[in-house]
Number of protein chains: 2
Amino acid sequence: MSVQQLESWDAARLAAWCNPLLADVEAALSRWVGIDGPPPLGDAMRYAVLDGGKRLRPLLVLAASEAVGGEPQAALRAACSTELIHAYSLVHDDLPCMDNDVLRRGKPTVHVKFGEADALLAGDALQALAFELLTPGDGSVADAVQARLCRLLALAAGSHGMAGGQAIDLASVGLALTEPQLRRMHQLKTGALLQASVEMGASCAEGVSAAAMKALREYGAALGLAFQVVDDILDVVADSATLGKTAGKDAENDKPTYVSLLGLDGARARAQALLSDALAALERSTLPDTAALRALAHMVVDRDR
Amino acid sequence: MSVQQLESWDAARLAAWCNPLLADVEAALSRWVGIDGPPPLGDAMRYAVLDGGKRLRPLLVLAASEAVGGEPQAALRAACSTELIHAYSLVHDDLPCMDNDVLRRGKPTVHVKFGEADALLAGDALQALAFELLTPGDGSVADAVQARLCRLLALAAGSHGMAGGQAIDLASVGLALTEPQLRRMHQLKTGALLQASVEMGASCAEGVSAAAMKALREYGAALGLAFQVVDDILDVVADSATLGKTAGKDAENDKPTYVSLLGLDGARARAQALLSDALAALERSTLPDTAALRALAHMVVDRDR
């Protein structure tokens, strides 16, 4: 095991790794999203996606692809596709019939700016675009990789993934969930897409061992849950300006959270335990260079927004 | 050219061809839709899809696949995927922020029965499921076919297809569209998915000639537009009980239609002209057996609901 793998990147090292990749993702999204669509729809799609967001899912895709030596063109498309699914879910989540939120990433939400109908359609079109990006039709991505990426993304987005988790979330308002029930909800609602991001990145190469793939999946699962635990903590401790979205919504909406279940200290301890799980999974992967994946796990747990 | 190709099937012959295929599609949808999902979501998905609808898109997929000797397992999955996209679009279309319709296929719409939030999520999950069905992950469909099917479906569903057409439709209420503008809207809104259904069926075989593929695409385009012209006619002349949805909505909503643009007789003449175009395209395909595709074109134009 290399020394590089065991040491943690500091913020500057992480930024040096992230920034060129983020620039690639932004450029690709800008080139691919909402172009030549009917103006209100295309504009709403671009508004929902561009110039905002941590791009955590794309970074996970790219880090996992790097770790296995994945094909960069496939990885960039996969990275953007995960962000489109995430962005569409936020647009629909913010609608009045769901969370009825007016602020996202410090800006008015899509339906506030474009109206509910175009927000609905923009979300729908973003989901379709995600699968379009994964299937370029020009031979630039191997057919087997296209098929694998589409399957992973579809499973993560659908009723056994994100949409299913949101349905459980809706049905859970005001209920006292047990911890296993809360975990299940979050594994679907946010965990599935985060985990799929890791798996999609790892699917951009051929010949990844089953053991490495399993370890990466476990890394993704731990990181996905850690992300949600931290989200619950930030909803309590951060202010709306820092978060870029309305803080304190969970308590206001009487939603079960890790903080309501474990308390603030308990939730923080849980986040640290999940970070340890994620790092241990990376060691089990025996991949030679997982430094970026390690750094992203730290970033997820240490973030303040 | 065979005699069979040139003669038209009567209703009994069409039914004899359709019925076993429709039974396969229903069985497959029932096996695949909303299974093991969180109960309200899974139930809403099944309610939206099962036991209703003409299944025109699946029939087009299966007829086109038959015409080119496509792989039946791929064709069945493609057939179901087009129906899922169609069903999800109806669920979202019926929402209060869109058409605000309460009756569909003679039953309360999904949001009336399950609430707006679960209707929104059910539509989202149905779109994801469409791509999941196209990528079985068990080797039963060739990777190249999976990739091609996903691409065709994504393009037909997104901002350059169905969702784009709906956005134009939204923006066109109360406007006096020219005929090219109206045609463009319908080519996207309903035509793209109908045309894609034909192309997806034809993509279930290898080695289809470019000329045949082009002819089938033209058949799909003509049939897709004919479908919408007839829809506009039926909205005026049929009653809600026959249609299974609210009749007279277009005029009530001040929507531009082929009837408002061409008059009832003009719209009927246009539908017949498009039927001729579709049949001529099938002859150009030089495929040996396009009888089912011919019969479906007649069915689309002659239907009363």
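**Exercise 1. Is Ser159(A) buried or exposed?**

*Solution.* The structure is a predicted model, in which local features need pLDDT of at least 70 and side-chain atom pairs count only at pLDDT 80 or more, while totals for chains, interfaces and linings use all residues. Residues are numbered from 1 along each chain as its sequence is written, chains are lettered from A and ligands numbered from 1 in the order in which they are written, and side-chain values use heavy atoms, with hydrogens and water left out.

Step 1. Locate the residue: Ser159(A) sits in the loop between α8 (143–157) and α9 (162–172) of chain A. Helices (H or I, at least four residues) and strands (E, at least two) are DSSP runs, numbered from the N terminus.

Step 2. Apply the cut-offs: buried means under 20% relative accessible area, exposed over 50%, and partly exposed in between (1.4 Å probe, protein chains only). Ser159(A) has a relative accessible area of 9% and is therefore buried.

Step 3. List the contacts (heavy atoms within 4.5 Å). Apart from neighbours within four places in sequence, Ser159(A) touches Gly164(A) as well as Gly37(B), Pro38(B), Leu41(B), Met45(B) and Ala125(B).

**Exercise 2. Determine which residues of helix α3 of chain B are buried, and what they pack against.**

*Solution.* Step 1. In α3(B), residues 39–49, the buried residues are Leu41(B), Gly42(B), Ala44(B), Met45(B), Tyr47(B), Ala48(B) and Val49(B).

Step 2. From chain A, α9 packs against these buried residues. From chain B, the partners are α2 (11–32), α5 (72–93), β2 (107–108), α6 (110–114) and α7 (116–134).

Step 3. Following α3(B) comes Asp51(B), with a positive phi near 60°.

**Exercise 3. State how chain B is related to chain A.**

*Solution.* Step 1. Copies are superposed by least squares on the C-alpha atoms of residues with pLDDT of at least 70 in both. Chain B is brought onto chain A by a rotation of 180° with 0.0 Å of shift along its axis, at an RMSD of 0.0 Å.

Step 2. The two copies are therefore related as by a two-fold rotation axis. Both copies use the same surface, since 100% of the contact residues of chain B recur in chain A.

Step 3. Consider the confidence, expressed as pLDDT (the predictor's confidence in each residue, from 0 to 100). Chain A averages a pLDDT of 93, and 93% of the residues score at least 70. Over residues 1–5 of chain A, however, pLDDT stays under 50, and the model has 13 contacts beyond four places in sequence for them. Where pLDDT is low, the predicted coordinates should not be read in detail.

**Exercise 4. Describe the packing of α15 against α4 in chain A and against α14 in chain B.**

*Solution.* Step 1. Axes are lines fitted to C-alpha atoms, for helices over the stretch in contact, and angles run from 0 to 180 degrees between N-to-C directions. Angles under 35 degrees count as roughly parallel, over 145 as roughly antiparallel, 65 to 115 as roughly perpendicular and the rest as oblique.

Step 2. In chain A, α4 (residues 56–68) and α15 (residues 291–302) pack at about 155°, with axes 9 Å apart. This makes α4(A) roughly antiparallel to α15(A). Among the residues in contact are Leu56(A) and Leu60(A) of α4(A) and Leu293(A) and Leu296(A) of α15(A). The contact comprises 11 nonpolar, no polar and no charged residues. Ala, Val, Leu, Ile, Met, Phe, Trp, Tyr, Cys and Pro count as nonpolar, Asp, Glu, Lys and Arg as charged, and the others, Gly among them, as polar.

Step 3. In chain B, the axes of α14 (residues 258–285) and α15 (residues 291–302) come within 10 Å and cross at roughly 175°. Hence α14(B) is roughly antiparallel to α15(B). The residues that meet include Gln272(B) and Glu283(B) in α14(B) and Arg294(B), His298(B) and Asp302(B) in α15(B). This contact divides into 8 nonpolar, 2 polar and 3 charged residues.

Step 4. In the loop between α14 and α15 of chain B lies Thr286(B), whose phi is near 55°, a positive value in a residue other than glycine. Thr286(B) is exposed, at a relative accessible area of 63%.

**Exercise 5. Characterise the surroundings of Leu84(A).**

*Solution.* Step 1. Leu84(A) belongs to helix α5 (residues 72–93) of chain A, and its 0% relative accessibility makes it buried.

Step 2. Beyond four places in sequence, the contacts of Leu84(A) are Leu29(A), Val33(A), Val49(A), Leu126(A), Leu129(A), Ala130(A) and Leu133(A).
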